[in-house]
Amino acid sequence: MIDLPIIRANATVLIAGATASGKSSLALRIAEHHGGIIVNADASQVFDCWRVITARPSVMDEERVPHLLYGHLPYDAPYSAGHWLREVTPLLEGPDRLIIVGGTGLNFTALTNGLADIPPVPHQIREDGNARSLDELIAQTDPATLARIDTKNRVRVQRAWEVQRATGRPLHDWQDNTGPPLLPLDETVPIVVDVPKPTLDNRISQRFDIMIKDGALEEVAKMQPFYDPSLPAFKAIGVPDLMDHLTAGTPLDLACQSAVTATRQFAKRQRTWMRSKMRDWHWVTP
C-alpha cells in the first residue's frame, strides 16, 4: 500500500518517478478510485511504434480508464517539452480530472513553472549539432546554462547548444525570462513515486526480461529499416541496444545487459533530477 496525500476534488494529479517505479499502476488506481483521465507525460510513449519497449500501458489498461497522448505520433515526428505543453493545454480546460503521469521531469516543470518561448531551431543547426561530439557541445555552451542541466545527457546539452547557436542567447537567459506557469503547483496534487535503489534496479532487470518475452525485440526489428539515431523516437531506452543486436550482431544477452545498465543509469539521473526540482512534491514509497 502507498500512503497517498489527500486527492482533492477536481484537482489535477501529477505523478512523477523514475522508470519502473510503478507510476502507471498508481495512476490507474487513482483514476479508478477518484475518477479522471490518465495523460501521458513521458517523452517516448508518445510514439505509435513503441508499446512494449517503452512500457506503455496495455490495451487492457487503456480500456479500463481513458488514456490520452499515448502512441499518437509517427516515429519521425519531432517532440519536445514545448510540443507536449501545447498538447496538454486544451485538456486542462476539459471537465474531467487529469492524472498526468510520466518520467520526463522537464514536462512537469514546464507545466508548473512555465516554459520559455524559444524560437524553433533551424534544421541545419540541428544537423550540425548531431555531427558534434558531446565534449564539443559542452565546450561551446554557456557555463551558466551547463550548471543547470545534466551534462551527461546529450539531448539536454545539444538542446542548450542549439538554442545558443540559433538565437545568440544562452538557454539560461531564455529560461530566466519565462512567462507564468500554465498550472501552478499549489493547484495540483503532485506525487513522486520513490523506490529504493536496490529494489528499483531489480525491477528494471525483471521488467526488461518481461519486455523481451512480450516482443520488444520484434517491435524494434519492425523499425530497423527506418532507424535514425538522431530522431527522438529512437532515443527510447533500450532501442539503441537492441538495434545493435540486429544490425551489428551484438549477442542478445549482451545487448539486453547493456539496455538494463542504460535504464539503471537513466533512472539514477531521473531520481537525482527529481530530488533537486521536486522537493516540494509529496514523496511516496510503495
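Modeller: Let us begin with the idea of an axis, which is a line fitted to C-alpha atoms, for helices over the stretch in contact, with angles running from 0 to 180 degrees between N-to-C directions. In this predicted model, the axes of helix H10 (residues 197-213) and helix H13 (residues 252-277) come within 10 Å and cross at roughly 140 degrees.

Biologist: Are H10 and H13 then antiparallel or oblique to each other, and what is the handedness of the crossing of H10 and H13?

Modeller: Angles over 145 degrees count as roughly antiparallel, and H10 and H13 are therefore oblique to each other. Their crossing is right-handed.

Biologist: Which residues in H10 and H13 meet?

Modeller: On the H10 side they are Lys197, Leu200, Asp201, Ile204, Ser205, Phe208 and Ile212, and these meet Cys256, Ala259, Val260, Thr263, Arg264, Ala267 and Arg271 in H13. Sorted by class, this contact has eight nonpolar, two polar and four charged residues.

Biologist: Turning to the sheet, in what order do the six strands lie?

Modeller: The six strands form an open sheet with parallel pairing, in the order S3-S2-S4-S1-S5-S6. Strand S3 (67-68) and strand S6 (282-284) are the edge strands, each pairing on one side only. Further in, strand S1 (residues 12-17) and strand S5 (residues 188-193) run parallel and are joined by six bridges, and Ile15 stands opposite Ile191 in S5.

Biologist: Which strands does helix H4 touch?

Modeller: Helix H4 (residues 105-113) packs on the sheet, where it touches S1 and strand S4 (98-102), and the direction of H4 makes about 145 degrees with that of S1.

Note on methods:
Residues numbered from 1 in each chain as written. Predicted model: local features only at pLDDT ≥ 70, side-chain atom pairs only at ≥ 80, totals over all residues. Heavy atoms only, no water. Helix = DSSP H or I, 4+ residues; strand = E, 2+ residues; numbered from the N terminus. Parallel < 35°, antiparallel > 145°, perpendicular 65-115°, else oblique. Left-handed = near helix turned anticlockwise from the far one by under 90°. Contact = heavy atoms within 4.5 Å. Nonpolar A, V, L, I, M, F, W, Y, C, P; charged D, E, K, R; others polar. Pairing = 2+ DSSP bridges.
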